[in-house]
Amino acid sequence: MKLIYRFNINNGLFLLFIFLLLIGQSSCKAYKDNTRIIIAGAGKITSADPAQASTFHAIQLISAIGDPLYRINSEGKLIPILASNLPKISKNGLELFIPLKENIYFHDGTKFNAEAMVFSLNRFIKIGTTNYILDNRISSIEALEPYLIKIKLTRRSSSINGLLTSINLTPVSPNAYKDHKDKFLNQKFIGTGAYKLTNFNSHQQRLEPFENYWGEKAKNKGINFISLSNSTALFAALRSKEIDLLLSNSLDEDQRKYLDQMAKKGELRTGEGNALEIGFISINTSTKPFDNASFREAIARSIDRELISERVSYNSRSPIRTIVPSTLAGEKLSPWPKYSPHIAKKLLRELGYCRNKQAKVDLTFRSNVPADKLLALTWQEQIKRDLPKCLSITLNGLESTTIYRQLSKGSFQLVILDWRGAYPDPEAYLTPLLSCKKINNATCEEGEAVNSGSFWGSSLINKTIKESEFLNGSKRLLKLKEVEEYAAKNIPYIPIWAITPKAWSQPNINKPEFDESGYLLLKRLRKVK
Amino acid sequence: MNRGKELLKYSFTRLALAPLMLCLIATLVFLLLRIAPGDPVDAILGNRANEIAKEALRQKLGLDISLWDQYINFIKGLINGDLGTALINQEPVNQIIAKTLPATIELSICALILAILIGTIVGLSGTAKPEGQIDFLGRVYGISTYALPPFWAAMMVQIFFAVILGWLPVGGRFPPTLIQPNGSGFLLLDSFINLDFEAFKGTIRHLFLPASTLGILLSGIFSRAIRLNLNEVLRTDYIQAARARGLNKSQILFIHALPNALLPVLTIAGITIASLIGGALLIEITFSWPGIALRMQEAINQRDYPVVQGIVIVISSLVVMIGLIVDLIVAFIDPRIRY
């Protein structure tokens, strides 16, 4: 009996160890094709169709395999990509003429032309998941000449320029999509980008350089995109050198900090893009006591953004007092109230709090977003420190889908949200957060401000946004600045921080670069010695 | 009634009741999903879209019709074997299941083999000297693996073997630089059939950590069950009789005691297979294993009703089938069992 036991356990364990060792010895590196670059991200990509793409990772993928009509440069100006020149606008401002580049080919070998562009735009308008970003601005699209399209607008819109940079509008081959005019083609993508999509499943995508690409060619021999389902796996994959580059906004802050420290020591390279995502608190201005602007100001002045950014994100998220990212606003704006516990206390005293009465507010956060939870907890503690007798915050964590469902119903007093404009333009931040269709006594009853949970409406804001559509360049930006300054005085939101897209690469890969829209430029990645 | 007929009757009764049970499960899932706050439109568009866009999408997804009509459509589809299409990307649910189920089955089978192997070795080890040191260690092992939180154990294994030692991949199912072999979706089998040994080795390397973690965690249940049953069997009269006849210890243990002690283990294995197919969720999440549990979790987050419904129906069917098969095997092996 004893003999049997010894044989089983000792030999079993020994064999197990040998097996592990053997598997381990043919280590990960054996599988690494040195010519290709492996990129990992957290988001699973369910479709490679530009009409379906709505998540950061899907759009990141499409920006590598497709081209937009225009891109925006660091000064906020349009740069033609598939267009050969800037759009020409008719005198009444209702028609846009876009000339297209010639001799561009799709991945299937067919030619890109005006017909293909019209096909793709109409397809997006018809089935696009995010086609609401067009906001009924386009009435028709025509191919006037083989390389000239005309877009007819329903109303004047200077923000249409920003919209034309959207990667969702990337052209697809009419030939390849003829059976998918009105349905998604999830597993394939036939566009004009620097890479061809040669293999797709929701967890892995394989990109090969497109040999007939018209523009700056890929500097690497191919990309493998993989998705890992949690932050620890992503972090561990980069540390164990299993992947070449990590691209993720959802990485835990501690792990982000650790990777930054590694980058400082030269063990990794790091690059970041423009901070185009903002984190903010939406205030329901239609409920008491938030219908009082002084109370809202007191709340806004009670939040110590610097402290919160330091505690929650180790300063990787920049504190902001604006709802328009500075790269789009043309200058650094900070019109929203500054942290000042003294003014907050004074305002609350004037409203009858602080003596025997404490203002009690509910703060809702998305329980599936770790940074939101930490923000809520830190602010709660900071209030206890700064305004112990005046204000107290009760926290309420809910899953994000539930919050989005309840937001327009006015269920929350204060709720932590984030926003990334559908295209890089100030209007893509101001309109969705501030515009309102039906206003009753400064309360928005129907429109964007209802959907964002603030319920704050102002006819002046609507009027000024409308006026801005007739302007261009710096005059337009100035007009939009007026919009934000007016909103900042009324405080329907509390901007907290700007979130920067970041990537870390192994030392044998060059520094990751981002385009102005915040997407990683995959074609610039290359192996270095 | 003879025993064969008895078993046949029992099987038919169970099979006849299965559609009713599945219909009840389908109805329950359908209702629970709709009761849960939030809907697919909110999950797809988040807080970014206006009410008109949300309404348009709701209409496009067929969520604007009455709940009763949605239910009738779902049941009609189910009867015709059509589980519908995913709301998020319009992919047929049957295809989603066909892609993800093999990953889970592959992981479950490997984990179960390991669990039974380790569980049996540990369970047997204590029988040499009950209440001795080895037996004590075996019991501690059984309790510890049973009590360990799977996500924590998985993360520790991941950190040690993948990050610190760098021996094995952190997650995923297949090396990203290789092209996945086509076939059944069982990558071990497919790569073996295609004689693609690079792919075969890569699949084993990816499978090793999740399967061994899951296997070790499950082995505690088996070791405890084997130990308890074996101790009981070893005290029975017929074992005493075998000893009196002068049979050696190995013969008594392996030929006479173990087969009888394994009967309850077979039932446990059946239950474990059923729960593994639907529930290796934490392991799948930690190791980014693209199986059916991970897909279901994603579908729940996205409120993708048809995908959740489809997966639940398929898992329930499998559970019913496995339960029946295990019952029949146990009845076949043990003549004392009557249904």
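Trainee: Which residue stands opposite Glu95(A) in S7(A)?

Mentor: Start with the general idea. Strands of a sheet pair through backbone hydrogen bonds, either parallel or antiparallel. Now the case here, in a predicted model. Glu95(A) stands opposite Lys152(A) in S7(A). Ile98(A) faces Ile149(A) of S7(A).

Trainee: What is the bridge partner of Ser140(A) in S7(A)?

Mentor: Lys152(A) again; in S7(A), Ser140(A) has Lys152(A) as its bridge partner. Strand S6 (residues 138–145) of chain A pairs with S7(A) over 6 bridges, in the antiparallel sense. S6(A) and S7(A) make a hairpin, with 2 residues between them.

Trainee: In what order do the 4 strands lie in the open sheet?

Mentor: Read across the sheet: S4-S5-S7-S6 in chain A, with antiparallel pairing. Strand S4 (88–89) and S6 of chain A are the edges; each has a single partner strand, so one side of each lacks a neighbour in the sheet.

Trainee: Which strands does helix H3 of chain A touch?

Mentor: Helix H3 (residues 114–127) of chain A packs on the sheet and touches S6 and S7 of chain A. The direction of H3 makes about 165° with that of S6(A).

Trainee: How many residues of strand S7 of chain A are buried?

Mentor: General idea again: in a regular strand, side chains alternate between the two faces of the sheet. Here, buried means under 20% relative accessible area. In strand S7 (residues 148–153) of chain A, 5 of the 6 residues are buried, so the strand is largely enclosed by the rest of the structure.

Terms used:
Residues numbered from 1 in each chain as written. Chains lettered and ligands numbered in written order. Predicted model: local features only at pLDDT ≥ 70, side-chain atom pairs only at ≥ 80, totals over all residues. Heavy atoms only, no water. Buried < 20%, exposed > 50% of the residue type's maximum accessible area, 1.4 Å probe, protein only. Pairing = 2+ DSSP bridges. Contact = heavy atoms within 4.5 Å. Axes fitted to C-alpha atoms, helices over the stretch in contact; angles between N-to-C directions.
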